[in-house]
Amino acid sequence: MEKYGYKFSFGPWNIHEGADPFGPPVRPTVAFGDKLATLKELGFDAMQFHDDDAVPDLDNLSAAEIKRQAEAMKRMLDDLGLVAEFVAPRLWEHPMTIDGAFTANDPAVRAYALERTKKTADIARYLGTDLMVLWLAREGTYLREAKDAVRATHQLLEAIDALLEYDPALRIIIEPKPNEPMDLAYIPTMGHALALGMQSRDPSRVGALVESAHAVLAGLDPADEMSFALAFGKLWSVHLNDQNGLKFDQDRSFGSVDLRRAFNQVRVLEENNFREVGMVGLDVKALRTQPAELATKHLRNSLRVFLRLVAVVRSLDKTRIDELRQARDYEELDWLVLDALMKNE
Ligand code: GLO
Ligand code: MG
């Protein structure tokens with residue numbers, strides 16, 4: 001498979017049981033080893049991890065046991081010629097973090113969140129990656145008056161600073177999202193993520209990740225969100241997927257809702273040599289209706305769409321595009337793009 005110099009990843013949660021808020025699982029759980037085998041078969045290069053994807057039940061394990069299990073996972077990856085892209089603390093499921101982790105009003109919860117995330121940093125190191133993704137799931141409110149948003153912003157910054165201090169080699173990638181599970185999240189957009197990173201004790205070690213659907217949920221264009229981070233050398237990963245309007249977070253296959261929007265994401269990644277900086281991560285889910293034995297096609301399709309769009313971007317006549325920009329003939333430019341997207345191979 002021609003991969004144009006890109007490396008690709010997805011997370012174990014992208015092969016999932018299909019439960020939604022109104023119904024139970026519809027597919028059996030796939031063993032982690034089988035997910036890794038699928039990843040390899042489909043032509044991906046790396047696995048994304050939550051801390052407990054790598055070391056289940058880590059809250060109840062000693063530091064030595066965490067190390068042992070993470071190192072075993074690293075050997076499993078090595079054996080298949082795969083790597084870990086990043087490790088993310090799963091801070092949104094524990095009973096203590098019901099009302100936030102770093103921004104919880106209860107200091108005991110904030111202390112738990114920091115200790116847990118230090119363990120995440122250890123696991124990342126054992127897995128051979130310096131990247132930690134912070135998706136700040138419950139750092140926000142359902143009720144505006146429930147927390148002090150100024151204080152919460154400083155609490156997020158303090159947590160980031162503490163982590164940067166804890167592991168001097170760690171790089172943190174903030175993944176903004178405007179809502180879900182919270183009504184309103186404190187870090188909803190790329191602008192918020194970058195501002196936070198710039199204020200940290202070592203801005204050179206804080207970057208960001210754009211998830212396509214999260215940008216759409218914020219009413220923004222994913223390619224522009226990526227471009228804003230690219231402009232400052234801060235786009236270190238992406239979660240490509242798609243989203244059909246302002247609904248629940250759908251994690252649809254990349255390009256399956258709006259191919260033009262997908263094209264523009266690939267275009268900005270191409271034009272800014274993203275492949276030299278980060279991997280192309282997916283965060284996609286199979287439709288709930290998909291039978292179990294066919295529930296990896298969303299991964300295959302997303303990868304195919306990305307690669308086909310790279311070919312489209314590379315086929316464009318750059319001189320002609322410049323001429324059309326000069327002439328302000330955007331209708332012709334529109335046709336040039338539409339024609340390229342509709343061409344048969
Ligand atoms: C949810 C997020 C989630 C994160 C993952 C890694 O909406 O997209 O899937 O990407 O937990 O931090
Ligand atoms: Mg994501």
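Modeller: In this predicted model, an oxygen atom of ligand 1 is 2.8 Å from an N or O atom in the side chain of Lys177.

Colleague: What makes that a polar contact?

Modeller: A polar contact is a pair of N or O atoms within 3.5 Å (within protein, one must be able to donate a hydrogen and the other to accept it, and residues adjacent in sequence count only if both atoms are side-chain atoms), so the 2.8 Å pair of Lys177 qualifies. His214, at 3.2 Å from an oxygen atom of ligand 1, qualifies by that definition, and so does His239, at 3.1 Å. Taken alone, ligand 1 exposes 330 Å², of which the protein buries 95%, the areas coming from the Shrake-Rupley method with a 1.4 Å probe, where for residues only the protein chains shown count as cover.

Colleague: Which protein atoms are the donors of the magnesium ion (ligand 2)?

Modeller: They are Glu175 (OE), Glu211 (OE), His239 (ND1) and Asp283 (OD), lying 1.9 to 2.2 Å from the ion, where donors are N, O and S atoms within 2.8 Å of the metal (3.2 Å for Na, K and Ca).

Colleague: Why is the arrangement around the magnesium ion (ligand 2) called octahedral?

Modeller: Six donors count as octahedral if opposite donors are over 155 degrees apart and all others between 65 and 115; the six donor atoms here subtend angles of 82 to 170 degrees, which makes the arrangement octahedral.

Colleague: How are residues and ligands numbered, and which atoms count?

Modeller: Residues are numbered from 1 along each chain as its sequence is written, while chains are lettered from A and ligands numbered from 1 in the order in which they are written. Side-chain values use heavy atoms, without hydrogens and water, and local features need pLDDT of at least 70, side-chain atom pairs 80 or more, whereas totals for chains, interfaces and linings use all residues.

How values were computed: Tetrahedral: all angles 85-135°; square planar, octahedral: opposite > 155°, others 65-115°.
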